Amino acid sequence: MKTINDFDFNNKKALIRVDFNVPLNDQFQVTDATRILSAKPTIIKILEDGGSCILMSHLGRPKGAQDEFSLRHIISKVEDVLGVEVKFAENCIGASAEEAANNLNPGEILLLENLRFHDEEKSGDKGFAEALSKLGHIYVNDAFGTAHRAHASTTIIAQFFPNKKCFGNLLAKEIESIDKVMKTGEKPVLAVLGGAKVSSKITIIENILDKVDHLIIGGGMTFTFVKAQGGSIGDSICEDDKMDLALDIIKKAKAKNVQIHLPVDVIAANAFSNDAETKVLEVAQIPNGWQGLDAGPKSIANFHQVVMQCKTILWNGPLGVFEMENFANGTIALGDSIAEATNQGAFSLVGGGDSVAAVKQFGFENKVSYVSTGGGAMLESLEGKTLPGIAAILE
Ligand code: AMP
């Protein structure tokens with residue numbers, strides 16, 4: 001696996017695919033610069049080598065060149081975060097971009113306009129990728145968030161840099177973290193899968209059964225498993241057409257010696273509302289008119305025991321409706337347990353879908369080993385898929 005540490009960038013122009021798809025407010029100000037900060041180590045290493053950086057990214061989902069999606073809006077934030085002046089090219093390809101790239105001196109940074117102003121980016125057009133490739137000497141992919149897309153700048157472009165392509169620091173760290181869970185993790189390995197639906201996690205569950213010793217299933221998914229086993233779940237969320245699948249998963253887990261842990265009790269509510277009346281109920285004895293919206297105290301204690309036994313932990317998906325304060329407790333308690341296990345030497349990876357939002361909201365970001373920067377890319381990795389952006393560098 002080639003990374004930026006395998007290259008000397010002295011007097012070289014690095015063409016770096018970053019993920020600067022950051023949120024903007026009404027005044028087009030960046031409201032969360034995490035993604036810019038995440039790309040900083042790669043950019044600084046290249047500048048310190050005596051190279052220059054040409055940064056390319058998408059922002060939002062523009063239809064053609066729409067000013068509201070211009071990367072011009074983020075220049076000052078990028079300058080603040082990197083502490084270096086940032087030049088800007090009005091178009092990501094063509095004469096103006098080539099001139100700006102040619103005039104770039106060692107130590108300087110050029111940001112290209114939104115790649116998605118050209119439809120050819122998403123269609124993975126070879127000619128567009130070739131036009132981009134003219135701008136730099138070495139191609140660096142540091143955008144995990146788009147690594148599952150075979151777009152021009154994330155995948156197709158790599159073929160124009162035989163032996164001159166590599167992963168940036170961030171993408172390398174993502175790959176290493178996933179490998180630590182899926183391939184090289186110290187046993188026992190635990191996966192915690194929460195969230196709303198079995199259907200969106202089924203491929204992950206099937207793939208992960210071969211890698212883990214323990215599987216905690218929580219959140220809304222719980223009730224499909226409980227009902228399939230004959231429990232009463234009241235008005236809790238359930239996918240009736242996935243009950244056979246749930247039984248099949250339980251069977252496969254047994255055959256593979258994977259211990260599945262489900263909640264034994266829940267915080268039940270008489271409405272899907274933070275103001276609803278609540279009570280603690282056994283998970284398989286929820287009467288009509290009540291629905292389980294969070295893990296109960298016995299479940300939290302059980303999960304804590306499991307987490308503390310494990311040396312490698314993957315967490316995807318909340319244990320309850322964490323967006324409502326009264327049903328966030330299970331998710332917070334699990335975060336506390338994982339933080340404690342991490343503090344005692346376990347490796348913990350959080351990622352995929354909404355998990356990162358929950359982790360940030362409750363301040364666990366610095367208490368786990370790694371928080372993935374890619375929602376969809378992480379989910380696809382956990383499903384066992386090879387991401388095209390990663391394959392293109394390895395080829
Ligand atoms: P996912 O995107 O699949 O990870 O699902 C995340 C969503 O699952 C969050 O918005 C939670 O509110 C929701 N969720 C978690 N537990 C439950 C539950 N018991 N009932 C309904 N929704 C839930």
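Reader: What share of the contacts in the protein chain with a separation of 6 or more comes from residues 24 or more positions apart?
Author: That share is 73%, where a contact means heavy atoms within 4.5 Å. Before we go on, this is a predicted model, in which local features need pLDDT of at least 70 and side-chain atom pairs count only at pLDDT 80 or more, while totals for chains, interfaces and linings use all residues. Residues are numbered from 1 along each chain as its sequence is written, and side-chain values use heavy atoms, with hydrogens and water left out.

Reader: How do you know that the radius of gyration agrees with a compact globule?
Author: The radius is taken over C-alpha atoms, and the globule rule is 2.2 Å times the number of residues to the power 0.38. For 395 residues a compact globule would have a value near 21 Å, and the protein chain has 23 Å, so the two agree. The C-alpha atoms fill a box of roughly 70 × 45 × 35 Å along the principal axes.

Reader: Why is cysteine 310 called buried, and why is cysteine 238 called partly exposed?
Author: Buried means under 20% relative accessible area, exposed means over 50%, and partly exposed lies in between (1.4 Å probe, protein chains only). Cysteine 310 has 2% relative accessibility, so cysteine 310 counts as buried. Cysteine 238 has 23%, and therefore cysteine 238 is partly exposed. Across the protein chain, buried residues make up 56% of the 395 residues.

Reader: Why does histidine 118 count as buried?
Author: Its relative accessibility is 18%, so histidine 118 falls in the buried class. Histidine 118 lies in the loop between strand 4 (109–112) and helix 4 (119–123); helices (H or I, at least four residues) and strands (E, at least two) are DSSP runs, numbered from the N terminus. Leaving out residues up to four places away in sequence, histidine 118 touches Asn91, Cys92, Ile93 and Phe128.

Reader: What makes a set of residues a nonpolar core?
Author: The members are buried Ala, Val, Leu, Ile, Met, Phe, Trp, Tyr and Cys residues joined through side-chain atoms within 4.5 Å. The largest such core here has 66 residues, and Leu112, Leu132, Phe144 and Leu215 touch the most other members. Helix 6 (residues 169–182) gives the largest share, 7 residues.

Reader: How many disulfides does the structure hold?
Author: The structure holds 0, a disulfide being a pair of cysteine sulfur atoms within 2.5 Å.
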